[in-house]
Amino acid sequence: MIINIKEFTRKVIAGANIATIMTMFAVGFSDYVNPADHPLLATVGLTFPIILVINVMFLFFWLIFCRRMVFIPLLGFVLCYVPVRKYIPMNIPHETPIGSIKVLSFNVHGYVYDEADNGNSFMRIIDYIKSSKADILCLQEDLGDWLHPKVHLDSLYAHSVRIKVGSDSANALGVYSRFPIERHQQIHYESLRNGSLACWLDINGRKVIVINNHFESNRLTANDKTRYKNIIKGDLERDTMKKETRYIAHKLSEAVRLRGPQADLVAEFIRSHKDTPIIVCGDFNDTPISYTHRKVAEELTDCYMETANGPGLSYNQKGFNVRIDNILCSGHFTPFNCKVDNKIHASDHYPIYCWLKFGYKP
């Protein structure tokens, strides 16, 4: 009798593990869902880390209680290798070769992270940029006093382009470079407060296009974020949980529906200039498993995925720890040592940087 109960329990748990793997696979490849057609389904990539953790828990369970069943969660990791690598890459580090270009991307939150800090966040950001010695700097929410940041940054970079974006011009993108910027253009798409900027640089005689993006924001208020955290914690009654989940899902799906066409237009711009070396930076406002990321990166190399280790959580608000900031490059470059730098606390984002080397293969 006891043996039958144990066998039944084992089969039930194995079934639950298989169901988890099926869900992980479906969510892991949800970035192929076009948000213009299915905006709600296009948001499920947010849940991938949770499902991944559940499969890890199954792995430990089988290791402790029934090792011959450990192949089930391991099979799940194999089937979902691509999305797992997108979220948590593991790479062997290589020494950055001499002559590499350092690229830094940073959403600076208008240089005002905490209004009570009397402008200290502004100077922390400027000092950080100065110490970074980046050759190319891409900033999102490059606002504050319109002239104040530029005075400081122009002393560090000989060449810069800074434009206001969005239909209400309440946001700004900046590209700052030690190399000449020959011309620039905005990649136009519908948005209230977001946009993309392309700049043509002359890097030691080679033409390079740098694209700085700030795709559609989720527009979650402070209250919305609190509600989302309560959902994650499971601290709500069942009926309240359903109501809050529907509310947050609606806001997220509306934002992803707008981001889809924006990503399509940037991807089309990249394809139309594929013979030119391209560097793409910015705040995608979407996870590594998203239509936005897949479309923009489909002909490029994700520098973090190819060279970094660990999840690299660039959006640092509690309960929303995800990597939404990216640096991508065309095959003309080899990336090295990409990193999300969590040592500076001056914005709701951490900066991301890496080195790029023309035509080098380690």
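Among contacts in the chain between residues at least 6 apart in sequence, what share joins residues at least 24 apart? The share is 70%, where contact means heavy atoms within 4.5 Å. The model is a predicted one, with local features needing pLDDT of at least 70 and side-chain atom pairs counted only at pLDDT 80 or more, while totals for chains, interfaces and linings use all residues. Numbering starts from 1 along each chain as its sequence is written, and side-chain values use heavy atoms, with hydrogens and water left out.

Of the 362 residues, 51% count as buried. Buried here is under 20% relative accessible area, exposed is over 50%, and partly exposed is in between, with a 1.4 Å probe and protein chains only.

Now for a helix pair. Helix H2 (residues 48-65) packs with helix H3 (residues 71-79) at about 150 degrees, and their axes are 8 Å apart. For the record, axes are lines fitted to C-alpha atoms, for helices over the stretch in contact, and angles run from 0 to 180 degrees between N-to-C directions. H2 and H3 are therefore roughly antiparallel to each other, a label for angles over 145 degrees; under 35 is roughly parallel, 65 to 115 roughly perpendicular, and the rest oblique. The crossing of H2 past H3 is left-handed, that is, the near helix is turned anticlockwise from the far one by less than a right angle (clockwise would be right-handed). On the H2 side, Leu52, Asn55, Val56, Phe58, Leu59 and Trp62 take part, and they meet Pro73, Leu74, Gly76 and Phe77 of H3. Sorted by class, this contact has 8 nonpolar, 2 polar and no charged residues. Nonpolar covers Ala, Val, Leu, Ile, Met, Phe, Trp, Tyr, Cys and Pro, charged covers Asp, Glu, Lys and Arg, and polar covers the others, Gly among them.

Next come some loop residues. Glutamate 141 sits in the loop between strand E2 (136-140) and helix H6 (148-154), and its phi is near 55 degrees, a positive value in a residue other than glycine. Most residues other than glycine have a negative phi. With a relative accessible area of 19%, glutamate 141 is buried. Not counting residues up to four places away in sequence, glutamate 141 touches Asn107, Val108, His109, Gly110, Asn171, Ala172 and His214. Its side chain also makes a polar contact with the side chain of asparagine 107, at 3.2 Å. Such a contact is a pair of N or O atoms within 3.5 Å; within protein, one must be able to donate a hydrogen and the other to accept it, and residues adjacent in sequence count only if both atoms are side-chain atoms.

Asparagine 204 has a positive phi too, near 50 degrees. This residue lies in the loop between strands E6 (195-203) and E7 (206-214), and is exposed, with a relative accessible area of 71%.

Aspartate 168, in the loop between strands E3 (159-165) and E4 (171-177), is partly exposed at 32% relative accessible area. Its C-alpha atom is separated by 5.9 Å from that of leucine 192, 24 residues apart along the chain. Neighbours within four places aside, aspartate 168 is in contact with Leu192 and Arg193.

Definitions and conventions. Helix = DSSP H or I, 4+ residues; strand = E, 2+ residues; numbered from the N terminus.
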